[in-house]
Amino acid sequence: MTQEYSVLRNNINMLGHFLGETIRDAQGSEILDLIEKIRILSRDSRSGDEKARQELLEILSTISTENTIPVARAFSQFLNLTNIAEQYQGISRKHVDLEASDRTLEALFKRLKEQNVPKEKVIETVEKLLVELVLTAHPTEVTRRSVGHKHVEINRCLSRLEHDDLTEAETTKLTRRLMQLIALAWHTNEIRTQRPTPVDEAKSGMAVIENSLWKAVPDFCRQINFHLEKNFGVQHNVGLAPVRFSSWVGGDRDGNPFVTAKTTRQVLAMNRAKAAELFLEDIRGLADELSVIQCTPEFRAKYGDNLEPYRVVVKDLRSKLIKTLAYYTDLLEGKAVSFDENELLINDEQLWEPLYDCYQSLHQCGMRIIANGALLDCLRRIRCFGLSLSRLDIRQESTRHSDAIAEITRYIGLGDYSQWTEDDKQAFLIRELSSRRPLLPRDWTPSAETQEILDTCKVIADQPEGVISCYIISMARTASDVLAVHLLLKEAGVPYHLPVVPLFETLDDLDASEEVMTQLFNVGWYRGVINNKQMVMIGYSDSAKDAGMMAASWAQYRAQEQLVNLCEKLGVELTLFHGRGGTIGRGGAPAHAALLSQPPRSLRNGLRVTEQGEMIRFKLGLPAVAVGNLDLYASAVLEANLLPPPEPKENWRQIMDELSDLSCNIYRQVVRGDKDFVPYFRSATPEQELSKLPLGSRPAKRNPNGGVESLRAIPWIFAWMQNRLMLPAWLGAGASLRQVIEQGKREQIEDMCNHWPFFSTRIGMLEMVFSKTDIWLSEHYDQRLVKKELWYLGQSLREQLKADIDTVLSLSGKGHQLMSDLPWIAESIALRNVYTDPLNLLQVELLRRLRENAENPNPDIEQALMITITGIAAGMRNTG
């Protein structure tokens with residue numbers, strides 16, 4: 001690493017040393033010596049020493065059962081500490097990230113001035129800026145909350161140790177605290193003993209808001225204000241919310257039987273209680289601070305003639321927040337609730353209006369410096385979080401709604417809705433939506449499944465407008481899927497228009513999305529209620545699992561482009577909601593590059609994107625890191641709108657169509673066409689064992705008895721990442737490129753690489769994936785775990801992988817070195833490999849032992865296996 005990364009290198013060495021000391025104290029010198037020997041052999045093996053590789057294999061294939069857990073834990077914990085050091089690196093005072101510096105708001109505003117973009121256009125675009133991050137529970141989130149808290153504290157210690165003016169005593173105190181935290185992490189069981197419930201997952205989401213985002217959001221707003229003032233001499237409007245948060249936790253019931261109407265109600269109350277608690281803390285601070293006596297006559301007329309006018313207003317809010325917090329606490333504890341609604345704060349305006357009046361009065365009385373302190377931070381939080389803390393999305397699978405309506409139509413003697421044609425369904429739904437009479441019979445007892453759907457809609461009806469952000473329909477295929485949800489919401493008595501969002505997930509559904517939305521927009525009733533605003537969700541995970549990365553990426557691009565054009569033509573404001581994960585196989589890519597590779601005009605109405613599990617912690621878990629990532633998102637959205645990417649040339653489109661068809665066929669021939677693929681997948685990866693790991697609350701499969709098609713996209717990616725073949729992220733992509741190049745189209749492909757952000761980002765993502773694959777390790781999994789008659793499949797895939805790597809390197813003009821233009825990432829991966837390799841080799845041995853004794857599994861071997869799974873996930877970092 002260059003001098004730029006000396007902070008990282010020093011921190012990793014220090015944390016590793018402290019971990020070694022902890023292991024020596026806890027397990028003895030013999031175990032530490034074994035761990036150190038494995039580490040050195042792994043390092044030498046990576047450097048090409050064949051003798052070291054064979055010795056490493058010998059040690060890990062004959063390791064005693066009692067040593068498996070401490071060895072697995074040591075390498076797993078070192079990778080966690082490396083992640084912490086890397087996360088801190090981004091915010092270190094001594095580190096200048098030369099690669100990221102041109103992607104910040106500061107750099108963007110400078111470019112906008114240089115390119116003479118009109119000031120009015122910049123201001124208008126900034127005022128429309130909205131980055132909405134939707135926090136989701138992650139089925140493969142591997143870090144327990146109790147361990148996560150210790151990791152945050154380690155980061156804080158690293159920050160304090162960086163100060164140059166520490167006394168020897170202060171340095172010793174911080175060093176001892178670091179050692180304590182590492183020892184605490186070592187002596188804490190990093191594997192959950194039980195699956196988290198949706199309520200547990202909601203607590204994790206709230207912890208990120210409380211411990212990081214609550215501080216980060218006002219800081220980020222100040223950053224926007226600073227750049228606007230510095231470059232264009234204007235202030236950012238206080239009433240705007242450039243960033244907002246929603247959540248799926250407690251609202252996403254697609255395939256998760258544990259998320260019920262009761263759960264949703266509970267999570268909504270928990271969010272309200274936490275928001276009241278956090279705002280109460282802010283308001284108490286303001287009550288202490290605002291001892292000012294001067295105010296405007298208008299303020300005095302509205303709030304009374306008081307000696308300390310602001311304090312009186314703030315103390316009234318304090319009293320209401322105390323009662324609001326008590327109300328929701330009693331509700332959650334099942335106690336009788338005795339508060340009058342007039343004593344509580346229910347909607348955001350009740351908190352905003354009096355505080356904004358204080359803000360304006362202070363400004364008008366020449367106290368701008370006071371107004372723009374803690375009071376402004378509180379106002380920003382009201383706009384960005386509100387009294388519901390984060391808004392909740394509801395998500396359910398499309399057939400659950402059509403089944404519920406079919407049950408109703410059968411009961412009232414209209415026939416079986418599920419057997420009707422699409423035209424008949426739409427006609428019925430539009431008639432019922434336009435009717436004033438209720439559809440649901442009074443004396444009817446629905447099935448448990450239908451009752452659950454109706455109960456969920458009733459929970460929505462009971463919430464004030466704005467608490468529930470939208471209702472998402474996964475696997476949406478037709479216009480009737482959307483109309484059906486509108487009808488169920490109407491029957492539940494929802495008194496306002498709630499956006500209903502179709503999620504197009506498979507290749508066919510993405511291709512049909514324009515036709516489906518055209519049908520919907522042609523329905524008079526529908527156009528009347530949506531107020532010319534429409535949100536559509538684009539699914540990345542399932543489309544990539546269905547068709548491979550290349551075909552899915554192009555289908556997503558085309559669908560977005562068609563929807564943008566359709567909505568522009570009809571005068572509908574379109575918001576595209578991106579359901580991406582952290583990995584390449586689930587649409588993940590560095591956020592800035594991914595957003596600038598979207599179709600032109602697709603971010604005009606802001607960005608809405610999911611942030612998942614471990615990526616939430618890595619990107620948003622510390623205030624300074626969160627500010628940096630919000631800055632990257634904001635600069636990308638503003639750049640996409642002010643300096644849009646080029647429209648693709650016609651011959652680029654034709655080549656993408658060809659690449660898409662070729663790659664999809666290659667992918668499906670393997671995944672669907674080879675009869676041996678599923679048995680090979682189940683043997684060569686820990687897929688079967690993954691289901692035993694108590695990760696998220698959601699089951700790994702939609703259908704417990706199904707094959708690959710029923711496996712959720714996230715465990716599918718997670719399993720392939722474990723054996724380092726990373727198959728879903730590249731299969732078909734490189735081979736299709738090679739075929740098109742062999743047809744004499746290299747020049748056009750290189751033109752696309754150099755001038756089309758969409759395409760260059762795809763190539764960059766492939767390169768990143770390839771740098772994390774390992775052909776030798778993947779082969780080792782096959783030789784130890786897969787029947788000989790299936791070896792041909794792994795061999796064929798690895799040969800394809802080698803050829804694909806050569807193809808991508810030839811395109812990027814980098815000779816033989818992956819990621820050569822991003823040496824920091826290449827170095828990071830190389831550093832991790834020394835620690836992930838022993839975990840991979842140990843995992844193979846543990847899988848072999850477990851499968852040989854499947855009838856009578858050894859609990860220590862199971863525990864050690866789970867640790868290797870979480871450790872490799874930490875090593876690869878973006879798990880799923």
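Of the 880 residues in the protein chain, 59% count as buried, where buried denotes a relative accessible area under 20%, exposed one over 50%, and partly exposed the range in between, computed with a 1.4 Å probe on protein chains only. The structure is a predicted model, in which local features need pLDDT of at least 70 and side-chain atom pairs count only at pLDDT 80 or more, whereas totals for chains, interfaces and linings use all residues. Residues are numbered from 1 along each chain as its sequence is written, and side-chain values use heavy atoms, with hydrogens and water left out.

The accessible surface of the protein chain amounts to about 34,900 Å², 49% of which belongs to carbon and sulfur atoms; these areas come from the Shrake-Rupley method with a 1.4 Å probe, and for residues only the protein chains shown count as cover. For 880 residues, a compact globule would have a radius of gyration near 29 Å, and the 28 Å computed for the protein chain agrees with this; the radius is taken over C-alpha atoms, and the globule rule is 2.2 Å times the number of residues to the power 0.38. Along the principal axes, the C-alpha atoms fill a box of roughly 85 × 80 × 60 Å. Among contacts in the protein chain with a separation of 6 or more, 82% involve residues 24 or more positions apart, a contact meaning heavy atoms within 4.5 Å.

The protein chain contains 35 helices and 8 strands, defined as DSSP runs numbered from the N terminus (helices: H or I, at least four residues; strands: E, at least two). Lys 315 lies in helix 12, which spans residues 309-332, and is partly exposed, with a relative accessible area of 38%. The C-alpha atom of Lys 315 is separated by 37 Å from that of Glu 124, the two residues being 191 residues apart along the chain.

A search of the whole structure finds 31 aromatic pairs, for which rings of Phe, Tyr and Trp (its six-membered ring) must have centres within 6.5 Å, with planes under 30 degrees apart counted as stacked, over 60 as edge-to-face and the rest as tilted. Trp 352 counts as buried because its relative accessibility is 6%, whereas Tyr 356, at 25%, counts as partly exposed. Elsewhere in the chain, one aromatic cluster is formed by Trp 554, Tyr 557, Trp 652, Trp 756 and Phe 758.
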